[in-house]
Every structure is written in structure tokens, then in C-alpha cells.
Amino acid sequence: MAKRAKKRANKKTTASRRARQAPKMLSDLFLETLKDIYFAENKIIKTLPKMAKAAHSKDLAAAFNKHLRETQGQVKRLDQIFKMLGKPARGKPCEAINGITEEGAEIMKDFKNAPALDAGLLAAAQAVEHYEISRYGTLRTWAEELGMPEAAQLLQATLDEEEATDHTLTELATSVINLEAEEEYRAAA
């Protein structure tokens, strides 16, 4: 009997705490998503040099190194947005990017010195790009809706770079990398 009464009292306390908390707004979601992508970009900065080093194709390594420089600039844009918000530039762990980068690390390990390594690296990089494109498109739209045109412009600049990188990677995949992996496979067969 006492346990039931205690459970009811705990439920009432939890419900009253929720009622006192301010409702979460779009601006809160914007900030949380900004922290998420900030973490992701900093994780990518650590991952791209490893991918460039692992790549057999000089063109693929060059694309990774170019995107590394762009990503460093993207982090500076995010810093500007945090400053506009009057908030510290701080990331929060992003399980999505952790999972995607772990898959890339597995590819580097499992396909080391294999003909398909570069194709796998490229696919892993495109998974990252698609995640970033989704995040930046959403953040840009929210910035517009929240009346933050400067932030929206910064986010659009990054979105443009991410889409261009995805296009470059697609071109590399279809014109060189996938074909080389297939040719090496056939030659070995």
C-alpha cells in the first residue's frame, strides 16, 4: 500500500516539474541541432586526414584534403552563429556521425590494400555529406523562420559547399574509383 502511494506522489512531482518547465521552442531545437552539427564537423576534421591517408587514389585523397579545409571554414561559420546567439560554441555528442565515422573506420580496416578500398571510402564520405546536407538544409530553414538572415546566409554557404563536395565525390565514383575497383577485381579473377 505504501509503495503505491509513493509511486503516485512521484508521478505527481514529475508531472508538476514538467508543467513548470518552459515549453521547448523552435529556437531551442535550432540551438540543439547547431550543437549536434558542431560536434559532427569537429569529428569530421579528425576523420578526413585518416581517410586521405588511406586512399589509394590521389584524386580521392585530394578531394578529402580539400574538404578538410572547407570543413575548418564551416566550423568558423558555426562559431559565428553561436556568437550571434550569445552562446558558447559547444558541441553535443552526435550518435549519427559517430556511427557513420565508425563505419568508415571499419571500411579502412576491412578493405585495407583491397581494390575496393577507395570505393568504400568514397561511399562512407558520401554518407557523411548526406547527413550534413540534411542538417544544414534544416538549420538554414529554421534560421530563416526564426528571423536570423545572417545565420541563414552562413548556413546556406556551408550547404552549398556540402552539395558541391557530394557532387565531386559522385563524379569521382562514377568516372574513376568504382571502375578501377571493378577492373582490379576482374584482373584478379
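Phe82 has a relative accessibility of 0% and therefore counts as buried, the limit being under 20%. The model is a predicted one.

**The aromatic pair**

Phe82 pairs with Tyr38 in an edge-to-face arrangement, with 5.3 Å from centre to centre and 85° between the planes. The count of aromatic pairs by this rule is 1. Because Tyr38 belongs to helix H2 and Phe82 to helix H3, the pair ties together parts that are 44 residues apart in sequence. Tyr38 is buried too, since its relative accessibility is 13%.

**Packing of H2**

How do the axes of H2 lie relative to those of H5 and H4? The table gives the values for the two helix pairs.

| Helix pair | Angle between axes | Distance between axes |
|---|---|---|
| H2 and H5 | about 160° | 10 Å |
| H2 and H4 | roughly 10° | within 11 Å |

With an angle of about 160°, H2 counts as roughly antiparallel to H5, because the angle is over 145 degrees. The crossing of H2 past H5 is left-handed. For H2 and H4 the axes cross at roughly 10°, so H2 is roughly parallel to H4, the limit being under 35 degrees. On the H2 side, the residues that meet H4 are Phe39, Ala40, Lys43, Ile44, Thr47, Lys50, Met51 and Ala54. Their counterparts in H4 are Ile97, Asn98, Thr101 and Met108.

**The nonpolar core**

The largest nonpolar core has 48 residues, and the members that touch the most others are Phe30, Leu60, Phe64, Leu121 and Leu155. Two or more residues each come from helix H2 (26–54), helix H3 (58–85), helix H4 (95–110), helix H5 (117–145) and helix H6 (149–188). H5 supplies the largest share, 13 residues.

Which residues does Phe30 touch, when those up to four places away in sequence are not counted? They are Ile81, Leu85, Leu139, Trp142, Ala143, Leu146, Met148 and Leu155. Leu155 is itself among the core members that touch the most others.

His67 is placed in helix H3. Is His67 buried or exposed? Its relative accessibility is 3%, so His67 counts as buried. Not counting residues up to four places away in sequence, His67 touches Leu48, Gln74, Glu129, Glu132, Glu162 and Thr165.

Glu161 is a residue of helix H6. Its contacts, leaving aside neighbours within four places in sequence, are Glu70, Gln74 and Arg77.

**A positive phi in a loop**

Most residues other than glycine have a negative phi. Asn113 has a phi near 65°, which is a positive value in a residue other than glycine. Where does Asn113 lie? Asn113 is in the loop between H4 and H5. Its relative accessible area is 65%, so Asn113 is exposed, the limit for that being over 50%.

Conventions. Residues are numbered from 1 along each chain as its sequence is written. This is a predicted model: local features need pLDDT of at least 70, side-chain atom pairs count only at pLDDT 80 or more; totals for chains, interfaces and linings use all residues. Side-chain values use heavy atoms; hydrogens and water are left out. A nonpolar core is a set of buried Ala, Val, Leu, Ile, Met, Phe, Trp, Tyr and Cys residues joined through side-chain atoms within 4.5 Å. Buried means under 20% relative accessible area, exposed over 50%, partly exposed in between (1.4 Å probe, protein chains only). Helices (H or I, at least four residues) and strands (E, at least two) are DSSP runs, numbered from the N terminus. Contact means heavy atoms within 4.5 Å. Rings of Phe, Tyr and Trp (its six-membered ring) pair if their centres lie within 6.5 Å; planes under 30 degrees apart count as stacked, over 60 as edge-to-face and the rest as tilted. Axes are lines fitted to C-alpha atoms, for helices over the stretch in contact, and angles run from 0 to 180 degrees between N-to-C directions. Angles under 35 degrees count as roughly parallel, over 145 as roughly antiparallel, 65 to 115 as roughly perpendicular and the rest as oblique. A crossing is left-handed if the near helix is turned anticlockwise from the far one by less than a right angle, and right-handed if clockwise.
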